[in-house]
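Hi everyone, thanks for coming. I'd like to walk you through one structure today, so please have a look at it with me.

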Amino acid sequence: MTLLPHPVTRQPFTSPVAPGTGWPDDPAAPDTPVAHDADDVRLLARAEDLDEVTARVSVCAACPRLVGWREQVALEKRASYADQPYWGRPIAGWGDDEPSLLIVGLAPAANGGNRTGRIFTGDPSADWLFASLHRTGWATQPTSEHAGDGQRLVDARMVATVRCAPPENKPTAVERDTCAPWIASEITLLRPSLRAVVALGGFGWEGALRSLAAAGLTTTVRRPRFAHGAEVVLTDEAGRELTLLGCYHPSPHNTYTGRLTREMTDEVFTRAAGLCGRMSA
Ligand code: SF4
């Protein structure tokens with residue numbers, strides 16, 4: 001079995017990385033329970049502790065097609081990363097444990113999160129997103145290249161609606177539904193502190209709405225539509241409000257073509273800061 005050094009710590013790892021072997025911020029231990037199908041996910045996602053949910057999702061093996069793909073990419077590797085170990089496991093939520101802001105994307109990238117083990121880390125989308133998060137006060141550094149690089153979110157957390165890298169960035173509806181209990185559980189546990197959610201792209205928007213509804217947050221708006229800068233107020237059973245904001249996905253397609261500019265990205269996260277009481281909107 002080939003061992004390669006982690007780019008930051010230089011500790012050697014297999015690809016995929018075995019749970020609890022020292023990868024920076026690996027939430028799992030060798031004995032963390034593994035979900036093997038949708039019923040297991042529903043059962044294991046019921047944990048009442050955020051750290052335990054995070055650990056369990058990071059070893060999940062419930063979607064055979066996605067497990068096969070994430071591990072195949074981890075073994076074959078992109079040529080430019082041939083000297084690196086690949087995480088090759090699901091990407092857990094990452095950031096503050098009691099955040100005001102939750103950032104929701106669709107799924108990790110095969111050579112981004114699936115390589116680095118951290119959401120929005122190690123690809124051009126991450127470069128764009130973290131530069132904006134740093135400018136608007138949500139991240140301590142302007143780049144996010146590797147787990148263990150010292151990057152930290154401030155009062156914010158990131159999650160994906162589907163936690164494994166899918167072929168062609170397209171999970172199936174069954175895979176989306178199988179993964180849904182993980183994010184629903186996470187949102188339920190984070191709910192007391194959350195004030196705003198930024199959804200990246202139309203798929204992130206739909207996924208966020210579904211997950212928020214599963215966590216008991218509803219809106220009077222019928223089928224809220226995604227747009228850059230769109231806002232929807234949702235309310236929980238206790239009458240507490242949370243605002244969902246739309247932002248174009250920071251994909252190279254959107255940023256290279258100018259569909260999403262630096263100013264447009266900063267506006268969304270500055271607005272989120274205002275909603276979360278971090279600065280005037
Ligand atoms: S996509 Fe979600 S449910 Fe499917 S294997 Fe990955 S973590 Fe598990």
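**A walk around the fold**

Let me start at Asp155, which is found in the loop between α5 (124-135) and β5. Helices and strands here are DSSP runs, H or I over at least four residues for helices and E over at least two for strands, numbered from the N terminus. Before going on, please keep in mind that this is a predicted model, where local features need pLDDT of at least 70, side-chain atom pairs count only at pLDDT 80 or more, and totals for chains, interfaces and linings use all residues. Residues are numbered from 1 along each chain, as its sequence is written.

Back to Asp155: its phi is near 60°, a positive value in a residue other than glycine. The cut-offs are 20 or more other C-beta atoms within 10 Å for buried, 12 or fewer for exposed, and partly exposed in between, with C-beta atoms placed from the backbone.

Asp25 also has a positive phi for a residue other than glycine, near 65°. Asp25 sits in the loop between β2 and α1, and it counts as exposed because it has 12 C-beta neighbours inside 10 Å. Pro16 lies in the loop between β2 (12-13) and α1 (38-44). A cis peptide bond joins Ser15 and Pro16, with omega about -5°.

Now to the sheet. Six strands form an open sheet with mixed pairing, in the order β3-β5-β4-β6-β8-β7. The edge strands, each pairing on one side only, are β3 and β7 (231-235). Pairing here takes at least two bridges found by DSSP between two strands. In general, strands of a sheet pair through backbone hydrogen bonds, either parallel or antiparallel.

Let's zoom in on β5, residues 156-160. How many of its five residues are buried? Five of the five are, and the strand is mostly covered. Ala156, Met158 and Ala160 point one way, while Arg157 and Val159 point the other way.

What pairs with β5 on its two sides? Strand β3 (residues 94-95) runs antiparallel to β5 and is joined to it by two bridges, with Trp94 opposite Met158. Strand β4 (residues 101-105) pairs with β5 in the parallel sense over five bridges. There, Leu101 has Ala156 as its bridge partner, and Ile103 stands opposite Met158.

Moving on to the core. The largest nonpolar core has 83 residues, and Leu101, Ala196, Val197, Val198, Ala199, Leu212 and Ala272 have the most contacts inside it. Such a core is a set of buried Ala, Val, Leu, Ile, Met, Phe, Trp, Tyr and Cys residues joined through C-beta atoms within 7 Å. The largest share of this core, eight residues, comes from α6. As a general point, nonpolar side chains in soluble globular proteins tend to be buried together.

Take Ala196: leaving out residues up to four places away in sequence, it touches partners including Leu101, Leu242, Ala272 and Leu275. Touching means that two C-beta atoms, placed from the backbone, lie within 7 Å.

Ile187 is in helix α6, and it is buried because 24 other C-beta atoms lie within 10 Å. Beyond residues up to four places away in sequence, Ile187 touches Ser211, Leu212 and Ala215.

Last stop, the ligand. Which of the 16 residues around the ligand come nearest? They are Cys60, Cys63, Arg163, Cys164 and Cys179. The elements giving two or more residues to this shell are α3 (64-76) and α6 (173-190). A residue is near a molecule or strand if its C-beta atom, placed from the backbone, lies within 6 Å of it.

The largest share of the shell, four residues, comes from α6. By class, the shell has 13 nonpolar, one polar and two charged residues. For those classes, Ala, Val, Leu, Ile, Met, Phe, Trp, Tyr, Cys and Pro count as nonpolar, Asp, Glu, Lys and Arg as charged, and the others, Gly among them, as polar.
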